[in-house]
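Q: I would like to learn how to read a fold from its elements. Where do we begin?

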Amino acid sequence: MRVADPVAGHNDVVTQKARWFESPADPEKQLAAVGYLSDTATSTTTFLAGALEKPLLVEGPAGVGKTELAKAIARATGAGLVRLQCYEGLDEARALYEWNYKKQLLRIQAAGDQPWDETHDSIFTDEFLLTRPLLTAIRREEPTVLLVDEVDKTDVEVEGLLLEVLSDFQVTIPEMGTVVAVRRPLVVLTSNATRELSEAIKRRCLFLHIDYPDSEREREIVVSQVPDVEEDLAGQIVEVVAKLRGMELRKAPSIAETIDWARTLLALGTGTLDAAAIDQTLGVVLKHASDHDRAVRELRLRASTGPVTGRATGQGPR
Ligand SMILES: Nc1ncnc2c1ncn2[C@@H]1O[C@H](COP(=O)(O)OP(=O)(O)OP(=O)(O)O)[C@@H](O)[C@H]1O
Ligand SMILES: [Mg+2]
């Protein structure tokens with residue numbers, strides 16, 4: 001229900017409180033129902049983000065499920081997902097709004113002898129406004145999850161913009177006034193920590209660090225994402241991935257790559273992850289030649305003193 005014109009003095013606006021989750025344990029249950037397996041810390045922090053209406057800053061290595069968490073929250077709660085993908089050079093016009101200059105120009109040309117004041121007033125209206133993700137999320141009246149993805153990739157100036165949005169959930173458009181959220185979105189920011197975010201942003205957010213899950217949890221994730229994979233094979237994949245993560249690689253395999261590996265082996269009809277199978281398919285999980293060489297070397301070394309996995313032959317991969 002619309003309780004106030006969002007383009008108005010914000011004193012007139014009554015923000016509706018959304019109820020996202022029932023209890024700290026509720027997200028874990030609800031997220032699992034939509035295929036996202038979380039732990040207690042993730043569940044509790046997600047609950048608090050909803051209950052306190054505070055943005056959630058999720059940090060961690062690549063491919064551990066940061067972006068997926070925001071998507072899963074939207075799926076679990078039936079909220080709409082609005083995504084702002086951050087990148088170097090992202091600016092206000094792409095993040096917030098911009099005026100549709102071409103359309104404004106056409107309107108000015110078509111106005112003919114109309115007094116300028118009238119023309120001016122008519123071209124700075126909703127009809128000529130191109131809303132970008134931040135403004136879209138603020139204006140939506142339905143429950144919304146706003147995903148600000150890979151926030152560490154933007155320039156520091158964009159943080160200033162985010163601060164206005166994240167502290168007051170409002171956006172000022174000089175020609176129109178202040179747009180205040182009628183219903184605050186649940187905001188999830190993700191970061192790979194390629195650079196330090198400003199203290200001001202951090203202060204406004206709840207912080208969650210997601211790391212690689214333990215083997216048992218990762219096996220569950222693999223089985224839930226690739227239901228046709230044998231539990232035993234999933235266990236072997238996870239075990240080798242854990243070994244790879246223990247090596248000093250340029251890029252350790254992520255959960256996404258573990259899942260890809262399971263899909264690959266399934267497609268090839270491979271039932272056991274032995275040395276030959278690893279050798280054939282290692283490119284699915286390791287994307288640097290140097291990592292590949294190191295892994296083959298180290299796995300062979302370990303294989304000579306014991307099986308690569310519980311079922312491996314003990315033969316070197318080459
Ligand atoms: N807890 C989880 N439950 C279910 N699937 C998961 C989980 N974590 C990760 N995944 C799977 O891993 C994939 C990669 O996750 P996601 O894209 O969210 O990673 P990310 O942390 O955002 O990585 P990046 O930093 O590279 O953006 C997802 O598509 C999902 O299939
Ligand atoms: Mg991501």
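A: Begin with strand pairing: two strands pair if DSSP finds at least two bridges between them. Helices (H or I, at least four residues) and strands (E, at least two) are DSSP runs, numbered from the N terminus. This is a predicted model: local features need pLDDT of at least 70, side-chain atom pairs count only at pLDDT 80 or more, and totals for chains, interfaces and linings use all residues. Residues are numbered from 1 along each chain as its sequence is written, while chains are lettered from A and ligands numbered from 1 in the order in which they are written.

Q: How many helices and strands does the protein have?

A: The protein has 14 helices and nine strands.

Q: In what order do the five strands of the open sheet lie?

A: Strands of a sheet pair through backbone hydrogen bonds, either parallel or antiparallel. Here the order is β2-β5-β8-β1-β9, with parallel pairing. From one strand to the next, the twist averages 20°.

Q: How many bridges join β1 to β9?

A: Four bridges link β1 (residues 56-59) with β9. V58 has L208 as its bridge partner in β9.

Q: Which residues of α2 are buried?

A: A residue is buried if 20 or more other C-beta atoms lie within 10 Å of its own, exposed if 12 or fewer, and partly exposed in between; C-beta atoms are placed from the backbone. In α2 the buried residues are T42, S43, T44, T45, T46, A49 and G50. Their cover includes α1 (26-33), β1, α3 (66-77), β8 (186-191) and β9. Helix α2 itself spans residues 40-52. After α2 comes E53, with a positive phi near 55°. Across the protein, 37% of the 318 residues count as buried.

Q: Which residues have the most contacts inside the largest nonpolar core?

A: In soluble globular proteins, nonpolar side chains tend to be buried together. A nonpolar core is a set of buried Ala, Val, Leu, Ile, Met, Phe, Trp, Tyr and Cys residues joined through C-beta atoms within 7 Å. The largest one has 75 residues, and V188 and I237 have the most contacts inside it. Helix α11 (residues 231-246) gives the most to this core, seven residues.

Q: What is V188 in contact with, beyond its neighbours within four places in sequence?

A: Two residues are in contact if their C-beta atoms, placed from the backbone, lie within 7 Å. V188 contacts L56, V58, L69, A70, I73, V145 and L147, leaving aside those neighbours.

Terms used
Axes fitted to C-alpha atoms, helices over the stretch in contact; angles between N-to-C directions. Expected span 1.5 Å × (residues − 1).
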